[in-house]
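Let's take a walk through this model together. Keep the sequence and the 3D view side by side as you read.

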Amino acid sequence: MGLICGCGFVFCVLMFKKRQTFFYLAKELLVFQPLVLLLFLFSLHHNTVQCEGRLSKNISSETSSQSDYKDNPRKVIVSIVLGAVTGLIGSVLFAFVIRCIVRYLNRTPILKGPVIFSPKIASKTLQLALSKENHLLGSSPNGKYYKTVLENGLTIAVKRLTPFESNSPESRRKSVKRQIQMELELLASLRHRNLMSLRAYVRQNDGFSLVYDYVSTGSLADVMNRVRENELQIGWEVRLRIAVGVVKGLQYLHFTCVPQILHFNLKPTNVMLDAEFEPRLADYGLAKLLPNLDRGISLNTPPECLHNRRYTEKSDIFGFGMILGVLLTGKDAADPFFGEASRGGNLGCWLRHLKQAGEEREALDKSILGEQGEEDEMLMAVGIAAACLSDMPADRPSSDELVHMLTQLNSF
Ligand SMILES: Nc1ncnc2c1ncn2[C@@H]1O[C@H](COP(=O)(O)OP(=O)(O)OP(=O)(O)O)[C@@H](O)[C@H]1O
């Protein structure tokens, strides 16, 4: 009984202190619901019969006084409640143990060699290409991007992840590897025109190499740099198409994927643009691959994450707000101009200030100003960007709502 109460106590603590663990347990148990129910009914019956048996023994062995007799209905209720509670806790724990055993027996084997999801890539040529010195495309605490060419002429972008801490024990490494493999299998199954598809992955001693198509236009950050340096011009129609594509990719991750996938690091360097400027989100879902994902504190950090609150789909929307703001203003979100123009604030503060003052036109990139109809769309888009950059997550629209809001701006 003590043990059962102890387990019940731990369960309750988990429920109140670690909500995520509790939801995980609840989800796991849901799978075994019929078993839990059966065990619960059985234990309820068994415990109640036992308690009632003990009770009736007590009654018959004692020459009961008048007051004992009055207490009996209370004792019967207590017996039934105790029977129900211990039965429930016992069955839940039993089902959980069975679930753990089943999971242990079915756990993913650690794969050796490359895992390929594209017919254009052969295992041997991939390994050969990875062993060569490759051209560095980008680097961050979360890994490095390299460009490499396979023997068949296909150019690929490879993200090198090193998710293990140098001193982590082998058993911990193995469980991280299994976890990463499962996540990669899930990511490889996603198909959407606005997502970079995972073409293959290779497990190496110190990490994983993730293989994607190489996109020669580069990222939105690269393209906007060229626009600022007057090497390239992209008008409002193309910029709006980019915004719509980004939000459609997000909508797919947030509303179509089961379980829901959060991007966790949406910013202009993680949006690739193909030759027609169709956007494709990169690096989505990396948080689950990298337990120590470094998001740093940057301009893209949603306010709720500065205060250590939970990252939600609305935090991804904040990242989208920055992207829309960059497309509208033509400026880098890190431009000191925003701090000066909004007394120490950022792009979001500046857009909100202009909206309140009815001066949204001030925000627009002068190089895209033109027809009146287009200008009206841009002014409405300023309002949408300001809403996405709201300090309160609840005030930001969802990706689903954003698809409708943006596609209604013109006839997509
Ligand atoms: N598939 C790709 N094709 C072409 N270039 C790419 C590709 N993937 C990434 N890049 C290049 O790499 C850059 C991004 O590198 P990286 O992801 O290391 O930097 P980051 O986005 O600042 O870091 P993090 O996402 O970890 O915060 C892009 O701006 C782009 O130039």
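What follows goes from the nonpolar core to a central strand, then to the ligand and finally to a loop residue.

Before we set off, please bear in mind that this is a predicted model.

The largest nonpolar core has 79 residues, and the members that touch the most others are Leu 210, Phe 320 and Leu 406. Helix α8, spanning residues 236-256, supplies the largest share of this core, with 11 residues. A separate core of 10 residues lies apart from it, and its members include Ile 121, Ala 129, Leu 150 and Ile 156.

Now zoom in on Leu 210. Which residues is Leu 210 in contact with, once its neighbours within four places in sequence are left aside? Among them are Ala 157, Val 158, Lys 159 and Leu 161. The list also includes Leu 184, Leu 198, Ala 200 and Tyr 201, along with Leu 286 and Leu 289.

The next stop is strand β6, which covers residues 207-213. Is this strand largely enclosed or left open by the rest of the structure? Of its 7 residues, 6 are buried, so β6 is largely enclosed by the rest of the structure. The cut-off behind that word is a relative accessible area under 20%.

Strand β4, residues 155-161, pairs with β6 in the antiparallel sense over 6 bridges. Within β4 and β6 you can find Ile 156 standing opposite Asp 213. Ile 156 is also one of the residues of the 10-residue core mentioned above. Strand β5, residues 200-204, runs antiparallel to β6 as well, and 5 bridges join the two. Here Ala 200 has Val 211 of β6 as its bridge partner.

Let's move on to the ligand. It is surrounded by 21 residues, of which Ser 140, Ser 219, Asp 222, Lys 267 and Thr 269 are the closest. A polar side-chain atom of Thr 269 sits 2.7 Å from a ligand oxygen atom. For Lys 267, an N or O atom of the side chain is 2.8 Å from an oxygen atom of the ligand. Val 215 takes part through its backbone, where a polar atom is 2.9 Å from a nitrogen atom of the ligand. How much of the ligand does the protein bury? Taken alone, the ligand exposes 630 Å², and the protein buries 90% of that.

The elements that each give two or more residues to the shell around the ligand are β2 (135-140), β3 (143-149) and β4. The largest share comes from β2, with 4 residues. Strands β2 and β3 pair in the antiparallel sense over 5 bridges, and a hairpin joins them through 2 residues. Ser 140, one of the closest residues to the ligand, has Gly 143 of β3 as its bridge partner.

Our last stop is Asn 270, found in the loop between α8 and β7 (271-273). Is Asn 270 buried or exposed? With a relative accessibility of 5%, Asn 270 counts as buried. A polar atom of its side chain lies 2.8 Å from the backbone oxygen of Asn 265. Setting aside neighbours within four places in sequence, Asn 270 contacts His 263, Asn 265, Arg 280, Leu 281, Ala 282 and Asp 283.

Conventions: Residues are numbered from 1 along each chain as its sequence is written. This is a predicted model: local features need pLDDT of at least 70, side-chain atom pairs count only at pLDDT 80 or more; totals for chains, interfaces and linings use all residues. Side-chain values use heavy atoms; hydrogens and water are left out. A nonpolar core is a set of buried Ala, Val, Leu, Ile, Met, Phe, Trp, Tyr and Cys residues joined through side-chain atoms within 4.5 Å. Buried means under 20% relative accessible area, exposed over 50%, partly exposed in between (1.4 Å probe, protein chains only). Contact means heavy atoms within 4.5 Å. Two strands pair if DSSP finds at least two bridges between them. A residue is near a molecule or strand if one of its heavy atoms lies within 4 Å of it. A polar contact is a pair of N or O atoms within 3.5 Å; within protein, one must be able to donate a hydrogen and the other to accept it, and residues adjacent in sequence count only if both atoms are side-chain atoms. Accessible areas come from the Shrake-Rupley method with a 1.4 Å probe; for residues, only the protein chains shown count as cover.
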